[in-house]
Structure formats: C-alpha cells, structure tokens
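Visitor: Could you walk me through this one? I'd like to start with how the chains meet and then look at a few residues.
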There are 6 protein chains.
Amino acid sequence: MVQIKDMLVDGTVMRPDGRAADELRPVRITRHWTDAPEGSVLIECGNTRVMCTASFTPTLPRWRRDSGQGWVTAEYAMLPRATSQRTDRESVKGKIGGRTHEISRLIGRCLRGVVDMKALGENQIQIDCDVLQADGGTRTASITGAYVALSDALDWAQQHRHIKDKSKVLKEPVSAVSVGVIDGTPMLDLPYVEDSKAMTDMNVAMTGSGAFIEIQGTAEHRPFDRDELNILLDLASKGNKELQQAQRAALEQA
Amino acid sequence: MVQIKDMLVDGTVMRPDGRAADELRPVRITRHWTDAPEGSVLIECGNTRVMCTASFTPTLPRWRRDSGQGWVTAEYAMLPRATSQRTDRESVKGKIGGRTHEISRLIGRCLRGVVDMKALGENQIQIDCDVLQADGGTRTASITGAYVALSDALDWAQQHRHIKDKSKVLKEPVSAVSVGVIDGTPMLDLPYVEDSKAMTDMNVAMTGSGAFIEIQGTAEHRPFDRDELNILLDLASKGNKELQQAQRAALEQA
Amino acid sequence: MVQIKDMLVDGTVMRPDGRAADELRPVRITRHWTDAPEGSVLIECGNTRVMCTASFTPTLPRWRRDSGQGWVTAEYAMLPRATSQRTDRESVKGKIGGRTHEISRLIGRCLRGVVDMKALGENQIQIDCDVLQADGGTRTASITGAYVALSDALDWAQQHRHIKDKSKVLKEPVSAVSVGVIDGTPMLDLPYVEDSKAMTDMNVAMTGSGAFIEIQGTAEHRPFDRDELNILLDLASKGNKELQQAQRAALEQA
Amino acid sequence: MVQIKDMLVDGTVMRPDGRAADELRPVRITRHWTDAPEGSVLIECGNTRVMCTASFTPTLPRWRRDSGQGWVTAEYAMLPRATSQRTDRESVKGKIGGRTHEISRLIGRCLRGVVDMKALGENQIQIDCDVLQADGGTRTASITGAYVALSDALDWAQQHRHIKDKSKVLKEPVSAVSVGVIDGTPMLDLPYVEDSKAMTDMNVAMTGSGAFIEIQGTAEHRPFDRDELNILLDLASKGNKELQQAQRAALEQA
Amino acid sequence: MVQIKDMLVDGTVMRPDGRAADELRPVRITRHWTDAPEGSVLIECGNTRVMCTASFTPTLPRWRRDSGQGWVTAEYAMLPRATSQRTDRESVKGKIGGRTHEISRLIGRCLRGVVDMKALGENQIQIDCDVLQADGGTRTASITGAYVALSDALDWAQQHRHIKDKSKVLKEPVSAVSVGVIDGTPMLDLPYVEDSKAMTDMNVAMTGSGAFIEIQGTAEHRPFDRDELNILLDLASKGNKELQQAQRAALEQA
Amino acid sequence: MVQIKDMLVDGTVMRPDGRAADELRPVRITRHWTDAPEGSVLIECGNTRVMCTASFTPTLPRWRRDSGQGWVTAEYAMLPRATSQRTDRESVKGKIGGRTHEISRLIGRCLRGVVDMKALGENQIQIDCDVLQADGGTRTASITGAYVALSDALDWAQQHRHIKDKSKVLKEPVSAVSVGVIDGTPMLDLPYVEDSKAMTDMNVAMTGSGAFIEIQGTAEHRPFDRDELNILLDLASKGNKELQQAQRAALEQA
C-alpha cells in the first residue's frame with residue numbers, strides 16, 4: 001500500500017481527462033436556475049449536470065403531523081437521454097427501479113443529517129434531483145447541489161416567516177464525492193469511464209466540520225483492505241473540502 | 001367579430017407581458033445542449049423551457065419490424081418543479097396521467113407528419129420532451145423544439161450511414177403554437193396566466209408550406225364560432241411562420 | 001379544391017356502404033337501455049354500438065369540494081371483442097393506454113362544455129362509454145350518446161331534488177361526428193374501413209347553436225390546407241345537425 | 001329437513017318476484033349479438049345481462065405451445081354501472097380485484113371441463129364475459145352463456161378448417177346456477193335481493209349428463225349440514241337441466 | 001361406485017407415501033412459533049409447512065367503521081422457493097395472481113364463518129398464511145393452522161381487554177382438508193404428486209359440529225357424480241375430525 | 001475517543017440483553033431447513049430469524065447470455081408479521097419499497113463479491129432472504145445466512161455437473177454485521193431496541209481474509225468522525241470473524 005500513497009504524492013498517474021489522481025473535476029453551481037422552486041440549482045461536475053430543486057411547503061405528510069418536527073425528503077431521477085444509450089422512463093415502466101430508490105434514499109438521509117427537524121418546525125422540504133447529463137458521480141453531485149438549493153429554500157422560508165431562524169435549521173453544509181480504486185490506484189471524483197472499471201467504489205458525504213454523514217463503499221469486483229480505505233477517505237476529505245468551498249462561493253453571490 | 005379583428009389591427013390590447021395580441025414570446029433555440037443524444041435542443045418560449053432530445057437507433061420495436069418502414073415516437077414529461085406547485089412524479093405514482101399521454105401522442109403525430117417512413121428505413125427515432133419550466137405552451141414548444149432535435153439526429157444518421165439522404169426523410173419543417181380567446185380577444189402564444197383564463201384554447205401545428213398537421217381546439221368554457229376559428233387560425237399561421245424562421249436560424253448555425 | 005366540392009354536389013362518389021359523401025350512417029338511440037344508471041343509452045351509428053351511462057352522485061371528488069360548483073367527468077373503454085381482433089383488457093395489463101386516456105378526456109371536455117357547473121351545484125356526473133362493437137367513430141358516437149344519458153340523469157336529479165332546474169344546468173345539446181379525406185375526397189362519418197385509410201381525420205363536436213366545442217384534426221399521413229378544412233367543417237356541421245335531430249327525437253319519447 | 005322439502009313441494013314460499021322456490025328466472029339467450037367475435041351471445045337471466053364472447057385464435061400462449069393440446073381461458077368483468085352504485089373500473093385502479101380473479105378462473109375451469117384439449121389441437125379460445133347489468137347470478141349466467149358462444153366459435157372453427165370435428169372437441173354442454181338458503185328455505189337462482197341475505201350460497205356447474213364440474217358452496221353466515229346440501233344440489237340439478245334446454249333451443253335456431 | 005367404497009374398506013390401495021386412502025398425513029401444530037404476532041402458528045401437514053399469524057388491531061378499515069361489528073380478513077402467499085421450481089415474487093411482478101387472490105378469499109371466508117362479528121366488536125384480525133414449503137394442500141393447511149392462531153390472538157385480546165368473552169367471539173373450530181379422485185379412487189389429503197394427477201379435486205372446510213363452511217369441488221379433468229361426491233364428503237368429514245383433534249391438542253398445551 | 005475504547009475494555013456498559021459492547025448475539029445456522037431449494041438455511045441472530053435460500057438454475061437472464069459468465073442476484077422481503085406492527089405486503093401494494101430494493105441490492109453485491117463469475121459459467125443463482133422475525137440486523141443476517149445457502153447450492157451444482165470445481169467459483173466466505181454508536185458508545189450487532197436509537201449505524205460486510213466488501217455507514221442523527229469510524233470497523237472485524245466461524249461450523253456438519 002505504500003506504493004499507492006507514493007504514487008499519489010508523485011502525481012504521475014495519467015487520467016483520461018488529464019487530472020491528477022486527487023483532483024476534482026471543474027465544479028459549477030448556478031443558483032436560481034429556474035424561477036418556480038424555492039431553491040433551484042444547476043450543478044455541473046465535469047460533464048455531469050444535475051438540476052436540484054428544493055420545494056418548501058408549510059404542511060407535512062400525514063404520518064409526520066403533530067410531531068412538532070419537520071421533514072426533508074428527496075427524489076432522484078435520470079432523464080432518458082442523460083446517458084449514452086436511452087434509458088426507458090420509469091413512469092412508462094410503471095415502477096421505480098432499485099438504483100433510483102437507493103439513490104433517492106441516500107440523498108434524503110444526507111440532507112436530513114444537517115437539518116434540525118425541531119427548528120424546521122412542521123414544514124416539509126422536498127428535494128428533486130434530475131440528471132440532465134450523466135458522466136459519473138450523479139448521486140454525489142446531487143447531494144452537493146441539493147444542499148445549495150436547500151439553503152436557498154430556507155432563506156425563502158425565513159423571508160416568508162415559515163421558519164424563524166435559518167441558521168438554527170441548517171446546522172452545517174454537506175457535500176459528497178466519489179472515490180475509487182482503478183487499476184490499483186485510488187482516485188478522486190470518477191467520471192463514467194473510470195467508474196465503470198473501478199474495482200472499489202465509494203461515495204462519501206461529509207459535513208462542513210469534516211465529519212461523515214454517509215460512507216457507502218462497495219467492492220463487488222475486488223475487496224479492499226483497511227489501508228486502501230484510509231487512502232480513499234483522505235481523498236474524499238480533500239474533495240469534499242473543495243466542494244464546500246464551491247458551495248460557499250455560490251451562496252455568497254447576491 | 002369585426003370588432004375583434006379591428007382590435008387586433010389596432011393593437012391596443014394590453015397583455016400582462018406587454019406583447020401585442022398577435023406577437024410571439026421571445027424564442028430561443030439552443031442546439032447541442034447536451035452531448036449524449038443524437039439531437040439535443042433546449043427551446044425557450046418566454047419562461048417556458050423544454051429540453052428536447054432525439055434518439056436515433058438502427059432497430060425497430062418488434063411490431064414494426066420487417067415493414068421496410070421506420071418509426072418516430074415521442075414522450076413528454078414535466079419535472080416536478082416545472083410548475084409553481086410541485087407535481088408528484090408519475091414514476092412514483094406508478095402510472096402516467098391522461099394529460100401526459102395526450103401530449104406525448106400529439107407530439108409523435110406531428111413529427112411523423114413530416115417524416116417519410118420509407119425513406120427513414122428500418123430505424124427508430126425516439127423524441128423526449130422534458131419540461132424544465134412551465135409557463136404555458138409546453139406542448140407546442142415541445143413540437144417546435146423537437147423538430148430541430150429530429151433534424152440534428154437525422155444529420156447524425158446520415159453521417160453514420162444509417163440513412164442515405166436526410167432531405168428525403170424529412171419532408172418539411174413543423175412547428176406549433178397556441179392561440180386562444182381571452183376576454184373576447186383572440187391572442188397568440190398564451191403564457192400560463194392567460195391560458196388559465198382562456199375560454200377557447202387551440203393548439204395548431206403547421207408545416208413549412210403552411211398546411212395543417214394538427215388542430216386541437218377546445219372550448220370547455222365557451223363554444224366558439226366559425227369566425228373566431230378563422231381569426232385564431234390566422235394568428236396561428238403568423239406564429240408558426242415566425243417559429244419556423246427561428247428553427248431555420250438555429251439550424252443554419254454551425 | 002373546387003373539384004372536391006363539385007364532386008360532393010355531384011354525389012357520384014361511391015362509398016363501400018353505398019352512402020353519399022355527406023351522408024351519416026343510420027343512427028339509433030335507445031334510452032333506458034339498462035335499469036340501474038340515472039341515464040342509460042345505447043347508441044348505434046351504423047355498426048358502431050356504444051353503451052353510454054350517466055351516474056349522478058350528490059357528492060364531489062375531494063379536490064372539487066366547497067367550490068360551489070359541480071363536476072362532470074367521463075371514462076371510455078372498449079370491450080375486448082368490440083374489434084375484429086381481440087384487444088387485451090387494460091385492467092389485465094394494469095394500465096390505461098394513451099388512446100383510452102385521450103378519448104376519455106375528450107368526452108369529458110365536450111360534456112362539460114354544455115353544463116353550467118354553478119347551476120349543477122355540488123353534484124357529480126360520471127359518464128361511462130363502453131364500446132360493445134367498434135366500426136369507426138366510437139369517440140364521436142360516445143359524445144352523442146352521452147349527451148342523451150346526461151340529459152336523462154339530470155331529469156332524474158331534478159325529480160329527486162338534487163338540482164333545481166335542469167334547463168339551467170344543461171345549456172344546450174352537444175354532438176360529435178368524424179370527417180376525413182379519403183383518396184382526396186372529403187367524407188362524413190367514417191366507418192373503420194374508411195377511417196383506416198383516411199389521410200386526414202377530424203372529430204368535430206358542436207353545440208345545438210352550431211358553435212364548436214372541440215375540433216381535433218390530425219393529418220399524420222398528409223397535411224391539409226385551409227380549403228380542405230373548410231369543406232370538412234361544412235360536412236361536420238351538416239352531420240351534427242342531423243345527429244342533434246336524432247337526439248331530440250329520442251328525448252321526446254316518453 | 002323434512003319440513004323444508006315439504007315447503008318446496010307445497011310451493012307456499014313467497015319470493016319477491018313471485019317465483020316458486022324451485023323456479024328459474026326467465027332465461028333469454030341471443031346468439032350473434034355482435035358481429036366481430038367467432039361466438040357472441042347475450043344471456044339474460046331475469047335482470048342479469050351478460051355479454052359472452054368466444055374468440056378463436058389458431059395460436060397458443062407461449063407456455064402451451066408444442067404440447068399438441070389447445071387451451072380455453074376466460075375473463076370476467078363488470079361494467080361500472082352494471083350495479084346500482086357505480087363501481088370503479090379495475091383498469092383505472094390499475095389492478096384486478098380478488099372477486100374478478102376468482103370468477104374468471106371459475107368460468108375458465110367450467111368450460112375447460114367440457115372441452116377435449118387434444119381434439120381442439122393447438123388453438124386457443126378466449127372467453128370474455130362482460131356484465132352489462134347485475135342482478136345476482138352473474139357468474140353462473142356467464143358460464144351458461146359462454147357455453148353457447150363457445151359452441152358457435154367451434155362451428156366457425158370447423159367451417160374455417162381450424163378443427164376437424166367439433167363434436168369431438170365439445171364433449172357435452174355445461175351450465176351453472178346458484179342456489180341458496182334464505183331464512184331457512186332453500187331456493188333456486190337467487191337475484192341480488194335474495195343473494196345478499198342468503199346464509200348459505202352455492203354455485204353449481206353441471207354437464208349435460210348431470211355430473212358436476214364445479215361445486216362452490218360458501219356459508220360465511222351460517223354453516224350448512226349434509227341434508228341441506230342435498231336439497232340444494234337437487235335444486236341445482238333441476239335448474240341446470242332447464243338451463244341446458246334453453247341452451248339447446250338457442251343453438252337449434254338457424 | 002360400490003367397488004370404490006369396498007376398495008377403501010379393503011385398504012389395498014397403495015399411495016406413494018404408504019398411507020391408506022382415508023389416512024391423513026402426519027400433522028404438527030406449533031404455537032407461539034414467532035414472538036411478535038398475537039397468534040403465531042407453524043402447521044406442518046406432511047411436507048407442507050405454513051406459517052400462520054393472526055394480527056389483532058383495535059381499529060377497523062374505514063368501510064367497516066361505526067358498524068358495531070368487527071372484521072376478519074386473510075392473505076395467503078408462497079415464498080419463492082416453497083416450490084421445486086422457484087416462483088417469481090408477486091411483489092416484484094407488481095400484481096397478485098388469480099390463484100393467490102382466490103385462496104386468500106377462501107381462508108378469510110372460512111374464518112369469518114366461525115366468528116361472531118358483533119361479539120368481536122370494532123376490532124380487526126388479519127390472518128397471514130405464508131407457505132414455507134409446498135407439497136399439496138397448502139390452502140387447507142392454512143385454514144387449519146389459522147384457526148389456532150386466531151384462537152391465540154383472541155386469548156391475547158381478552159387478556160388485554162379488547163374483547164370481553166372469547167368464547168362468545170369464536171363460535172366453534174374450523175378446519176379444512178383436501179380430497180380427490182385419483183385413477184378412480186377417492187383419497188384423503190393429497191400431496192403434490194397426487195394432487196397434480198387428480199381428476200376431481202375438492203377442498204372441504206368444516207366446523208367442530210360437522211357442518212360445512214366451504215365446499216369447493218372442481219372437476220376440470222373429469223366430471224364427478226353424486227355418489228363420488230358423497231364418498232369424498234365422507235372422507236373429508238373423517239379428515240376434518242382428526243384435524244380438529246390436532247387443533248384441540250395443540251390449544252390445550254400451556 | 002480514548003474513553004470509549006476504555007469503556008469497551010472495561011466492559012461496564014450495560015446492554016438491554018446483558019451483552020458486552022463487543023459481543024455478538026447468539027448465532028444459529030440450520031442448513032437444509034427446507035427440502036426444495038438447492039441451498040436452504042435458517043439463520044437466527046438473537047431474535048432475528050431469516051430464511052435464506054439459494055436457487056441454482058442452468059440458464060441466465062437474457063441480458064447476461066452468451067457472456068461466458070454467470071450471475072448471482074438476491075431478493076429480500078419481510079413477512080407481514082416479522083415486525084411488532086403488521087407491515088402491509090408489497091405484493092398487495094403493487095410495488096416494492098425503497099428499503100426493500102436497497103437491501104436486496106446490498107445482498108446481491110456482497111455475494112457477487114466472493115463469486116468468480118467466469119468459473120460459475122452460464123448459470124444463475126438466485127438468493128431469497130425472507131425475514132420471519134425481525135429484531136434488528138436483518139440485512140446482515142441475510143448476507144451471513146445466504147453465504148451458507150450459496151455454498152450448499154454450489155455443492156449441489158458440482159454434484160449435478162453444472163459446475164466443475166466449486167472451490168474456484170466461491171473465492172472466500174462473506175459475512176456481515178451491524179455496528180453503531182448508542183449514547184456515545186460504539187456497539188456490535190444491534191437489536192431493534194438499540195438500532196432505533198443509534199445515532200450512527202453501519203453495516204459492514206467482510207470476506208474471510210478480512211477485507212471489506214461493503215461498508216454502509218449512515219449518520220442521519222449525528223455525524224461521526226474518523227476515530228469513531230475506526231472503532232466501529234474494529235468491532236465489525238471482530239464480529240465478522242466470529243460469524244465466519246459459525247458459518248464454517250455449520251458447513252462442516254454432514
């Protein structure tokens with residue numbers, strides 16, 4: 001494992017897009033991308049483009065009412081031609097696939113992880129992440145973008161007096177990034193071409209204070225050991241710090 | 001009815017966005033909006049924004065095989081926060097609503113109306129129109145944008161030798177526009193605020209030679225007579241001519 | 001286009017069933033065809049046979065309650081062997097097809113177009129049109145028959161004091177008929193054999209006063225121009241007048 | 001139990017429609033009721049009216065192919081206003097209810113019970129029973145009517161040389177009737193008003209030779225003993241003999 | 001038919017598992033098989049194993065509320081590898097098959113047949129029968145096992161004061177068994193190998209007092225006459241008596 | 001974090017069931033639990049009981065054919081009364097929930113992670129994990145039990161000559177266990193009562209050689225830092241080693 005670390009420091013690995021192993025793809029976060037939602041963000045991570053909206057409603061689903069607590073939920077979907085081959089619509093098939101369910105739930109958990117439900121009060125925020133173009137890392141881009149949309153929606157809610165103090169509701173930022181081992185080399189932020197040949201693949205969501213909200217590591221193709229795990233987590237920490245800078249920069253714009 | 005015509009000529013009607021009764025909203029057509037599809041177009045008609053993609057595949061659905069003819073089909077959908085209130089996803093509900101079905105079929109018929117299925121050969125083109133932001137006229141914007149995506153997909157198909165001669169496959173342009181009667185005044189290209197109070201509402205798809213592909217007029221709130229129909233069709237002809245200019249301009253760009 | 005008009009006057013066109021181009025198929029409207037519904041009509045247009053029922057209920061769907069207004073809705077379906085080849089049941093397939101949705105919505109709009117929702121009060125009328133035998137024009141026969149069933153249901157409602165004055169609720173009659181261009185000749189009321197080779201196909205719903213409720217013209221196979229449109233609308237006006245006579249005759253029977 | 005038998009002989013029981021306890025409702029069987037199906041029958045048992053069609057196709061479902069044997073299957077459904085309260089369509093609900101499934105399967109078994117699958121050869125017959133008006137006994141009327149439709153479809157198949165010898169395919173007639181115990185009195189052929197208060201309810205399908213194809217007795221409200229069972233089966237035998245006379249009479253008409 | 005009876009008495013029929021024609025498979029009833037349900041029973045009839053649970057809830061489904069009466073309902077399902085070939089899950093297919101519906105309804109009716117709904121009061125009992133291993137007779141084993149689970153659930157309800165007097169709620173025991181004619185010989189309690197070649201097949205549910213709750217006889221492969229029916233019912237009576245002894249023995253254990 | 005470790009060593013933490021913080025619940029693995037499946041295992045981890053079957057079929061789903069590689073897939077489900085409140089069946093609801101999808105996919109990935117698909121050849125193994133009783137850790141128990149069922153199914157396949165050499169197909173064992181932080185204390189193998197109040201919750205699947213196949217850590221209620229992660233992974237390693245001993249012991253029995 002020592003070699004891998006050296007290689008990273010060495011920076012001699014050549015990735016298809018010329019990046020270093022520990023380098024993020026260019027990130028662009030556009031707020032107010034559409035007009036209707038309380039929060040509306042287009043996030044671009046390389047060629048991956050996701051539209052993230054946050055819908056604030058001052059009512060709760062029935063099962064949550066009279067709890068004195070709010071709720072945050074998320075739905076993820078891909079447009080049919082986000083991918084190089086057209087994917088059939090889940091609405092036409094009449095059911096939601098396992099991958100969609102899994103990712104929707106992941107996004108929801110990550111955002112709930114930074115929201116104080118009591119401070120939110122009996123209000124609901126629905127996150128929608130629709131992938132316009134998919135080039136790897138759509139679920140992590142969704143989380144990173146959704147945080148910004150959520151922040152905007154809470155500003156809206158404070159202005160419209162649905163919540164008292166946004167700073168109490170939103171405890172800290174959250175972002176997510178993928179890391180993986182490709183041909184034995186740990187790498188940060190995998191595009192599709194790398195993701196499809198990764199032997200180990202991990203999605204890591206972290207808060208602004210550097211703690212973990214979610215770690216999902218899967219090694220369907222080759223198990224990974226504790227040393228590799230540590231390198232991957234280091235890479236993820238670096239990536240998430242940079243993503244949170246991008247979030248901050250976007251949120252500071254008028 | 002004479003008065004209405006005068007009023008139009010007169011141009012004194014005040015519309016919420018300051019347009020004349022016979023004036024289109026600003027149209028913007030962006031080609032190659034995403035990278036994966038053979039044709040990918042973002043069309044903006046005022047605040048209505050639709051992503052239109054055309055997916056070319058050199059195979060046919062089973063029922064159409066060995067017919068010596070191609071097929072063109074279309075699916076329409078709205079993202080949940082395209083509207084001011086969030087709309088539940090049809091994938092989550094597990095079924096497609098009547099409105100979605102109706103519009104998908106309309107778009108498909110309009111585009112098939114300008115394609116020579118024999119010249120297309122045993123190939124399929126799937127049109128996807130996903131509304132990112134809805135402010136009235138989403139079905140007509142879909143048709144207008146989808147034509148451009150279809151044209152690009154056929155260029156791709158000719159370059160990749162799936163078809164011989166695009167000019168034989170695509171017989172002529174098609175575009176569509178809405179017209180309606182609001183407070184007694186016929187108007188062109190209704191945004192949501194007008195559409196919702198239209199007593200008569202008509203969607204008209206026309207070819208480049210000025211013929212009709214589809215007329216769908218509905219008067220749930222007040223029946224209309226032959227004179228009104230004629231005025232509405234005049235408005236639609238004017239609008240479609242201008243939309244076809246916008247299509248041409250977009251297609252002439254490199 | 002002059003030739004077409006002459007040909008119509010001339011009456012020399014030979015149709016498979018021996019009718020003139022501007023001649024309806026024989027219409028038969030049987031009221032009280034079954035006992036349970038508030039309105040129950042069997043309409044026969046040539047070989048097309050549709051059972052139309054109108055169910056009056058003094059309650060509204062939730063979204064419409066407390067609006068002070070009533071609601072009229074419609075559902076259309078085909079029995080499996082209405083057609084020459086058996087069609088799979090949509091209940092067995094677990095979803096409703098696009099064509100069924102499209103027609104159900106059309107019927108609903110046409111009938112709502114002649115009902116005053118305030119005068120109806122907080123009551124609902126559900127129209128069901130089930131095609132027992134299909135030989136073209138099933139959607140237009142449904143509209144024509146459903147009007148009679150609706151009228152009977154409103155009589156029932158007045159007798160049972162759910163509404164005060166039927167004449168205020170039902171503003172005027174509505175009927176519908178198909179027209180189309182076959183081998184260059186415009187024709188009225190197409191049976192299946194003509195419908196399947198029509199290049200242009202239009203369904204026109206009109207009120208008793210001769211105004212339009214719905215115009216749905218589609219030209220998937222050959223666009224049509226303004227002159228053809230005008231001839232088709234003339235044919236439809238003639239057909240609808242005769243259908244409304246048949247409706248009146250049926251309603252005048254004890 | 002002796003008393004019950006006497007009472008039947010005595011004939012003093014008053015039924016709502018004036019029938020004796022062992023008397024069928026009037027039966028009317030109309031063949032060739034619609035034109036498209038190979039067999040098309042309207043059966044009326046009192047106010048219960050069911051349209052029964054038999055669709056013959058010279059192909060088999062995949063699982064049955066290359067077995068050298070044919071297949072007979074059945075689907076049952078109720079139109080929404082067959083009942084006094086409107087029933088929601090199963091196509092709209094997106095799933096078939098348990099009662100519908102149960103009855104469809106019963107009809108299929110009864111008809112398969114009189115068909116020689118080897119003599120039928122690799123052909124399929126699909127039975128559709130659609131209840132136009134429901135007043136009790138819809139499943140038994142369906143079986144009785146479907147037999148006649150099946151017989152007509154087999155005549156058609158012999159004429160079109162899909163089968164060699166109908167008399168080898170259709171082994172014998174089958175009919176079905178309901179019996180039940182109401183207020184302690186066994187009765188034949190229950191209309192809705194009786195069915196809904198029956199303590200014991202039994203549907204009995206029998207062949208022309210008097211043997212049983214199906215017995216379905218249910219006593220949700222009060223268990224029944226062997227003596228009652230025997231009386232009910234006697235009633236059912238009488239009823240089925242008369243129904244088979246009606247079938248024969250219908251089939252003997254040109 | 002005399003011969004068949006003799007043969008039974010004679011006992012010379014050899015069944016694959018060595019049983020006499022009128023002999024049950026070994027029955028084992030295990031109470032409190034799992035901890036969570038109010039009643040939880042594993043019933044084993046030969047190789048058939050069904051887990052039966054009874055869930056008591058002090059609320060009713062909406063349609064039954066304020067009726068002063070309780071409700072008992074049942075659901076039946078097979079685990080995918082209960083059978084020798086894996087069966088696809090109905091949850092994955094997105095719909096429940098006809099056989100499952102039919103059996104669920106049968107179980108529900110049988111148990112409702114021995115429950116006094118007024119004495120139950122406004123409480124609901126949901127029976128779940130999940131087949132762990134299927135070797136014929138799964139529906140009858142479900143009924144027999146569910147009765148024991150129901151009894152335990154009512155004891156629980158009396159202890160928790162949801163009902164006053166269990167002995168008034170549960171009127172008498174109910175059990176069920178299959179009988180059939182194989183190669184001309186009537187037999188009791190058919191395992192899969194016999195069931196699949198039975199010409200006549202009957203499921204008989206009886207109460208502790210020997211009355212019938214349900215008789216479902218089907219003769220898809222060869223109709224049966226009155227004499228055969230009587231022999232089959234004799235066999236079923238014998239079987240049900242023995243099953244009720246097993247139920248009693250199980251319930252008497254602490 | 002030092003304190004936590006001490007506390008563990010100290011062993012002074014009192015868990016509801018008296019276990020030490022780093023102690024597994026009693027594990028029991030019963031092979032050949034049912035007869036039909038190629039592999040059939042009942043695994044009990046404390047009160048959690050899961051039936052795991054492995055179905056071997058010498059055919060592949062269509063998308064995988066002619067790849068020269070096999071496939072392993074898994075489905076997870078809960079029986080309705082596995083839980084203290086009855087859960088509605090997903091088959092009745094007509095769709096599979098997100099949690100079920102997520103867990104099914106997790107199990108499939110874990111088992112694929114220890115199978116050599118080329119050595120498996122064009123064969124499929126379907127894992128079914130049905131939870132009979134749920135008391136926390138159902139997904140990890142499913143993985144641990146499914147490995148044993150998979151191993152048995154591969155023995156069967158080798159005996160029946162579907163595969164050549166099981167030892168090449170099954171690369172190494174896999175097991176899984178849950179760990180979590182409760183009131184600040186990291187703990188191993190959480191039952192429901194602990195799981196529901198865990199602030200951090202992690203499921204860890206490991207191979208026999210101590211490498212990771214899956215790490216799924218979620219901190220919806222309180223983010224966790226790197227030190228906590230390391231303690232949790234240590235606990236998981238200890239637990240998985242013991243679970244693999246239990247697997248080995250079970251597999252060594254005749």
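Guide: Before the interface, one term: buried area is the accessible area, taken with a 1.4 Å probe, that two parts lose on being put together, summed over both. Please also keep in mind that this is a predicted model.

Visitor: Fine. How much area is buried between chain F and chain A?
Guide: Between chain F and chain A about 2800 Å² is buried, and carbon and sulfur atoms give 47% of that area. Chain F brings 30 residues to the contact, and chain A brings 30 residues as well.

Visitor: How many salt bridges does the rule find across the interface of chain F and chain A?
Guide: The rule finds six salt bridges across the interface of chain F and chain A. One of them joins F:Glu102 to A:Arg109, with 3.4 Å between the closest N and O atoms.

Visitor: And which elements of chain F give two or more residues to the side that touches chain A?
Guide: Those elements are α3 (98-112), β9 (212-218) and α8 (226-252) of chain F. By type, the residues on that side of chain F are ten nonpolar, nine polar and eleven charged.

Visitor: What does β9(F) pair with on chain A?
Guide: β9(F) pairs with strand β9 (residues 212-218) of chain A, in the antiparallel sense and over five bridges. Within that pairing, F:Ile215 is the bridge partner of A:Gly217.

Visitor: Staying on chain A for a moment, how is β6 joined to β7?
Guide: Strand β6 (residues 174-182) of chain A runs antiparallel to β7(A), and four bridges join the two; A:Gly180, for instance, has A:Met187 as its bridge partner in β7(A). β6(A) and β7(A) make a hairpin with two residues between them, and A:Asp183 in the turn has a positive phi of about 50°.

Visitor: Are the faces of β7(A) covered or open?
Guide: Both faces of strand β7 (residues 185-188) of chain A are covered, with A:Thr185 and A:Met187 buried on one side and A:Pro186 and A:Leu188 buried on the other. In a regular strand the side chains alternate between the two faces of the sheet.

Visitor: Switching topic: where does B:Arg81 lie, and is it buried or exposed?
Guide: B:Arg81 lies in the loop between β4 (71-78) and α2 (90-93) of chain B. B:Arg81 counts as buried because its relative accessibility is 3%, and the cut-off for buried is under 20%.

Visitor: What does the side chain of B:Arg81 reach?
Guide: A polar atom of the B:Arg81 side chain lies 2.8 Å from the backbone oxygen of A:Ala36, and the side chain also reaches the backbone oxygen of B:Thr83 at 3.1 Å. Leaving out residues up to four places away in sequence, B:Arg81 touches residues that include A:Pro37, A:Glu38 and A:Thr53 from chain A, and B:Arg86 and B:Leu132 from chain B.

Visitor: And D:Gln133, buried or exposed?
Guide: D:Gln133, which lies in strand β5 (residues 124-133) of chain D, is buried, with a relative accessible area of 4%. A polar atom of the D:Gln133 side chain is 3.0 Å from the backbone oxygen of D:Asn47. Beyond its neighbours within four places in sequence, D:Gln133 is in contact with C:Thr34, C:Asp35 and C:Ala36 on chain C, and with D:Asn47, D:Thr48, D:Arg49 and D:Ala82 on chain D.

Visitor: Last one: how far apart are the nearest C-alpha atoms of chain A and chain D?
Guide: The nearest C-alpha atoms of chain A and chain D are 10 Å apart, and these two chains do not touch.

Definitions and conventions: Residues numbered from 1 in each chain as written. Chains lettered and ligands numbered in written order. Predicted model: local features only at pLDDT ≥ 70, side-chain atom pairs only at ≥ 80, totals over all residues. Heavy atoms only, no water. Contact = heavy atoms within 4.5 Å. Salt bridge = Lys/Arg side-chain N within 4 Å of Asp/Glu carboxyl O. Nonpolar A, V, L, I, M, F, W, Y, C, P; charged D, E, K, R; others polar. Pairing = 2+ DSSP bridges. Buried < 20%, exposed > 50% of the residue type's maximum accessible area, 1.4 Å probe, protein only. Polar contact = N/O pair within 3.5 Å; in protein donor to acceptor, adjacent residues only side chain to side chain.
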